[in-house]
Amino acid sequence: MYKLLIVDDEASVRSGLRECVNWSDLGITIVGEAEDGEIALSMIQEMEVDIILMDVRMPHMDGITLAGLLKDQYPQVKKVFISGFGDVDYLKQALKLDAIDYILKPVRIVELNEVLQRVVELLDEEDLRMKNLNAMQIKLNQSIPLLRERYLTTLVLDGV
């Protein structure tokens, strides 16, 4: 299960997001909620989070600032913005910060599910890539002694 954090300054939005999606069907579990970016950042520092669903405008620390910090400190975290503002400047900033998507409020459940499915597919692909890379690293490490032995044997036989 992938771990998701909901970050929005409106309790009704957080509640609605929590209740309106069948998270387990998507392979996602909600590990927490935060009302602003400062709280979210401290939560992320304490627990592993794979996906963050966040508002753009919030008190104390907005979503754009949080996304910038996440890009630097936790680049593997997938960011999805939700906002009541269709401002092109916010959208541009979100894209520069590697956001997966930018969903306008009121959130349409169908659109949110599509975005979340895409995020899960992306995370699955990254997991598979890491497993393949680790498997290749293990095979390489196992092969080095054999390759070293063959190389030394070739040196000895060619020297004779």
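Pro106 is placed in the loop between S5 and H6, where helices (H or I, at least four residues) and strands (E, at least two) are DSSP runs numbered from the N terminus. A cis peptide bond, with omega about -5 degrees, joins Lys105 to Pro106. The model is predicted, so local features need pLDDT of at least 70 and side-chain atom pairs count only at pLDDT 80 or more, while totals for chains, interfaces and linings use all residues. Residues are numbered from 1 along each chain as its sequence is written, and side-chain values use heavy atoms, with hydrogens and water left out.

- Side chains of opposite charge can pair when their charged atoms come close.
- Asp8 counts as buried because its relative accessibility is 0%, the classes being buried under 20% relative accessible area, exposed over 50% and partly exposed in between (1.4 Å probe, protein chains only).
- Lys105 is partly exposed, with a relative accessible area of 22%.
- Lys105 also meets the side chain of Asp55 in a salt bridge, at 3.3 Å from N to O.
- Asp55 lies in strand S3 (residues 51-55) and Lys105 in the loop between S5 and H6, so this pair ties together parts that are 50 residues apart in sequence.
- Asp55 is buried, since its relative accessible area is 4%.

**Asp98 and its partner**

- The side chains of Asp98 and Lys71 meet in a salt bridge at 3.9 Å, N to O.
- The two residues are 27 apart and link distant parts of the chain, with Asp98 in the loop between helix H5 (88-96) and S5 and Lys71 in helix H4 (residues 63-73).
- Asp98 counts as partly exposed at 44% relative accessibility, and Lys71 is partly exposed with a relative accessible area of 32%.
- Salt bridges that share partners join Asp8, Glu10, Asp55 and Lys105 into one network.

**Positive phi values**

- Asp98 has a phi near 65 degrees, a positive value in a residue other than glycine.
- His60 is not a glycine, yet its phi is positive at about 70 degrees.
- The place of His60 is the loop between S3 and H4.
- With 66% relative accessibility, His60 counts as exposed.

**Aromatic pair**

- A search of the whole structure finds 1 aromatic pair, where rings of Phe, Tyr and Trp (its six-membered ring) pair if their centres lie within 6.5 Å, and planes under 30 degrees apart count as stacked, over 60 as edge-to-face and the rest as tilted.
- Phe81 and Tyr102 form this tilted pair, at 6.3 Å centre to centre and with 40 degrees between the planes.
- The pair links distant parts of the chain, 21 residues apart, with Phe81 in strand S4 (residues 78-83) and Tyr102 in strand S5 (residues 99-104).
- Phe81 is buried at a relative accessible area of 0%, and Tyr102 is buried at 10%.

- Patches are made of residues with over 30% relative accessible area and no salt bridge; like charges are joined within 9 Å and nonpolar side chains (Val, Leu, Ile, Met, Phe, Trp, Tyr) within 5 Å.
- Met130, Leu133 and Met136 form a nonpolar surface patch with about 320 Å² of accessible area together, as given by the Shrake-Rupley method with a 1.4 Å probe, with only the protein chains shown counting as cover for residues.
- Met130 is in helix H6 (residues 109-159) and counts as partly exposed at 46% relative accessibility.
- Glu121, Asp124, Glu125 and Asp127 gather in a surface patch of negative charge.
- For charge, Lys and Arg count as positive and Asp and Glu as negative, while His and the chain ends are not counted; the place of a charge is taken as NZ of Lys, CZ of Arg, CG of Asp or CD of Glu.
- Glu121 is in helix H6 and is partly exposed, with a relative accessible area of 49%.

Terms used. A salt bridge is a side-chain nitrogen of Lys or Arg within 4 Å of a carboxyl oxygen of Asp or Glu.
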